[in-house]
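Trainee: Could you walk me through this model while I have it open?
Mentor: Gladly, let us take it piece by piece.
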Amino acid sequence: MEPMTQEELAALPTTTTIETAARALGLGRTRAYQLARENRFPCKVIRIGTTYRVITADLQRTLATDTPS
């Protein structure tokens, strides 16, 4: 799986799928869902029924703080 580019990250809608967020964070799909179920995903996740959505602004903040200065 290729990491997301800055352009791809900037083009994301207000919320995104957990798979997309996992790709941006360098996580696998299974691990991302596991972390979301355990309320340990590194950014805000909204659960709607069986669907998980990630707040893009929080994802971007998380990535910005993970980037070395």
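Trainee: At what angle do helix α2 and helix α3 pack, and how far apart are their axes?
Mentor: This is a predicted model, in which local features need pLDDT of at least 70 and side-chain atom pairs count only at pLDDT 80 or more, while totals for chains, interfaces and linings use all residues. Residues are numbered from 1 along each chain as its sequence is written, and side-chain values use heavy atoms, with hydrogens and water left out. Helix α2 (residues 18-25) and helix α3 (residues 29-37) pack at about 110°, with their axes 9 Å apart; axes are lines fitted to C-alpha atoms, for helices over the stretch in contact, and angles run from 0 to 180 degrees between N-to-C directions. The two helices are therefore roughly perpendicular to each other, a label for angles of 65 to 115 degrees, with under 35 being roughly parallel, over 145 roughly antiparallel and the rest oblique.
Trainee: Which residues make that contact?
Mentor: On α2 they are Ile18, Glu19 and Ala22, and on α3 they are Arg29, Ala32, Tyr33 and Ala36, where contact means heavy atoms within 4.5 Å.
Trainee: OK, the sheet now: what is the strand order?
Mentor: The order is β1-β3-β2 in an open sheet of three strands with antiparallel pairing; strands (E, at least two residues) and helices (H or I, at least four) are DSSP runs numbered from the N terminus, and two strands pair if DSSP finds at least two bridges between them. β1 (15-17) and β2 (45-48) stand at the edges with a single partner strand each, so one side of each is left without a neighbour in the sheet.
Trainee: How many bridges join β2 and β3?
Mentor: There are four bridges between β2 and strand β3 (residues 51-55); Val54 is the bridge partner of Val45, and Ile48 stands opposite Thr51. Their hairpin has two residues between the strands, and Gly49 there takes a positive phi near 65°.
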